[in-house]
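Hi,

Here is the structure I said I would pass on.

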Amino acid sequence: MDIKDVPQDVGGLANANMKELCYAVDKDGKYATKLSDGWDVKTLALNKSLELIEERIQEFKTQCLNGEISTIPYYMELNRMDLTVLADYMNKWKWTLKRHFKPSVFKKLSEKTLQKYADTFNISIAQLKDITP
Amino acid sequence: MEIDFKHKQSAHCENGVISNLLIHNGYNVSEPLAFGIGSGLFFVYLPFLKVNLAPAISFRPMPGIIFKRLCKRLDIKIKRQKFRNPTAAKTTLDQMLQKNIPVGLQVGVYNLTYFPDEYRFHFNAHNLVVYGKKNDTYLISDPIMEHVTTLTTPELEKVRFAKGTFAPKGQMYYPIYFPEKLPLEKAIKKAIKATCRDMLAPIPLVGVKGMRTVAKAIKKWPKKIGVKKTNHYLGQIVRMQEEIGTGGGGFRFIYGAFLQEVAEILNKPIFEEFSKEITAIGDLWRDFAIDASRLYKNRSSESDGYEKVANKLLILADKEEDFFKRLKKAIA
């Protein structure tokens, strides 16, 4: 990459006031570094990835409001977690968590477990139990 | 207290922390040199491991390996500590800062408050340096940030004890022994040999063979899993290649900078030529990213688009195979 070709697309990075270091070749053929404002190609990849997460959040929200699943998958996705991460934070097995996805099992959870979920998601127990806006 | 520590931004966190810690101790090892000697250039495809709902592809070895190899090859000794108890982790860190020693930490990215929201994922192998403490605030040199920053005590505890894959467990590290003179020449030779060996490994998931396996998979994906999922997978490849602190082109440009330094250190101009070649290969990787992005931009794209992108990856594999074969001969 030529140093004058280091992309300066004002995208996600610039909005966040962040610049990224790139390695590129100057006019004498020597490697140098230059700060980049971002590159549309990868901003797009990132945005598409975030869109997918947003889609899943909405999907779980609908399912939850329909009473098909508990609030846990919704909050898990909202916090960009997967089962592995959540299981580690909760110090529980993945299959235990999957049981908690069922509304019937979720209703019977102890205060202590609910508090642990609430702490993990950084919310109150009331918010954990009810996501109706 | 505040230790006189020179913050320098880098492309990649692991190399950046190593380089900054070595420079602090009076050894001028640049980021590309640290990356090259740690044999950072790599390619691996792990279809059975899912990251962000896509098969894992990485352009670098497992977190921590670059650092480990670099220290071993340069005869530097590092002290590493992990903790169960957050209080003990904090006390030990504070003691080191009292002794005027800047400390490297492994942390989780998700709760780094100074990161933009879009970049906060549950990735636990980020590295930064703590170089002081004022009142209840730690002074942080995060190598991918332009300037130094800070974290409060509870914030730092949260990122040091993030959970999930590669959980940092409060891990901290600092160099405790340096040789009189760094054995650079010996280390460079060993490192380049290792990189050639990795990239030419006879395993279908690693190096150029891994690239070919991915290319074959790309050709099958649209029929097998649908266009939407294929586009998501391609997007993740581009992100791994360009985003995660690679300095662009899947680390190929940093490696080019490394080979240029090698030409000077070993006084062998041939490595200058190799540097130019890997730079051209890096440019091709960026073309590959542009083509892939065209596909996930407009969902209803031409059907042979995936074929073309996959073929580009095959060309890259051929070029890299030829490159590393000749590099291996040149260093032997």
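**Chain A, to begin with**

Of the 133 residues in chain A, 29% count as buried. Before going further, please keep in mind that this is a predicted model.

What does the secondary structure of chain A come to? You'll find eight helices and two strands. Going along the sequence, the pattern reads α-β-β-α-α-α-α-α-α-α. Chain A is more spread out than a compact globule, because its radius of gyration is 22 Å, well over the 14 Å that the globule rule gives for 133 residues. The C-alpha trace of chain A spans about 70 × 30 × 25 Å along its principal axes. As for contacts in chain A between residues at least 6 apart in sequence, 47% of them join residues at least 24 apart.

**Where the two chains meet**

Next, the interface. Here 27 residues of chain A are in contact with 37 residues of chain B. On the chain A side, β1 (20-25), α2 (40-65) and α4 (83-90) each supply at least two of the residues that touch chain B. Which element of chain A gives the most to that side? That would be α2(A), with nine residues. By residue type, the side of chain A that touches chain B divides into 19 nonpolar, three polar and five charged.

**The sheet in chain B**

Over in chain B, look for an open sheet of six strands with antiparallel pairing, in the order β3-β8-β4-β5-β6-β7. Its edge strands are β3 (77-81) and β7 (149-152) of chain B, and each of these pairs on one side only. From one strand to the next, the twist averages 40°.

If you'd like to follow the pairing by residue, β5(B) is a handy place to start. Strand β4 (residues 103-107) and strand β5 (residues 126-134) of chain B pair in the antiparallel sense over five bridges. Within that pairing, B:V107 stands opposite B:H126, and B:V103 stands opposite B:V130. There are also five bridges between β5(B) and β6(B), again in the antiparallel sense. B:V130 turns up here too: its bridge partner in β6(B) is B:I140. β5(B) and β6(B) form a hairpin with two residues between them, and B:N135 in the turn has a positive phi of about 55°.

**Helices around the sheet**

Which strands does helix α1 (residues 13-24) of chain B lie across? They are β4, β5, β6 (137-141) and β8 (172-177) of chain B, and the helix runs at about 45° to β5(B). Helix α5 (residues 153-160) of chain B lies across β4, β6 and β7 of that chain, running at about 90° to β7(B).

Helix α1(B) also meets a helix. Its axis and that of helix α3 (residues 65-73) of chain B come within 9 Å and cross at roughly 35°. On the α1(B) side, B:E14, B:N15 and B:I18 take part, and they meet B:I66, B:F67 and B:L70 in α3(B). The residues of this contact divide into four nonpolar, one polar and one charged.

B:I76 lies in the loop between α3 and β3 of chain B. Is B:I76 buried or exposed? It has 21 C-beta neighbours inside 10 Å, so it counts as buried; the cut-off for buried is 20 or more. Leaving out residues up to four places away in sequence, B:I76 touches B:C71, B:P175, B:Y177 and B:F178.

Last stop: helix α11 (residues 305-331) of chain B. This helix has 27 residues and reaches 39 Å from its first C-alpha to its last, close to the 39 Å expected at 1.5 Å a residue. The buried residues of α11(B) include B:Y306, B:V309, B:L313, B:L316, B:F324 and B:I331. B:K312 and B:E320 are also among the buried residues of α11(B). What covers the buried residues of α11(B)? The cover includes α6 (184-199), α7 (207-225), α8 (227-243) and α10 (270-297) of chain B.

Over to you now. Happy browsing!

Conventions:
Residues are numbered from 1 along each chain as its sequence is written. Chains are lettered from A and ligands numbered from 1 in the order in which they are written. This is a predicted model: local features need pLDDT of at least 70, side-chain atom pairs count only at pLDDT 80 or more; totals for chains, interfaces and linings use all residues. Two strands pair if DSSP finds at least two bridges between them. Helices (H or I, at least four residues) and strands (E, at least two) are DSSP runs, numbered from the N terminus. Axes are lines fitted to C-alpha atoms, for helices over the stretch in contact, and angles run from 0 to 180 degrees between N-to-C directions. Two residues are in contact if their C-beta atoms, placed from the backbone, lie within 7 Å. Ala, Val, Leu, Ile, Met, Phe, Trp, Tyr, Cys and Pro count as nonpolar, Asp, Glu, Lys and Arg as charged, and the others, Gly among them, as polar. The expected span of a helix is 1.5 Å times one less than its number of residues. A residue is buried if 20 or more other C-beta atoms lie within 10 Å of its own, exposed if 12 or fewer, and partly exposed in between; C-beta atoms are placed from the backbone. The radius of gyration is taken over C-alpha atoms; the globule rule is 2.2 Å times the number of residues to the power 0.38.
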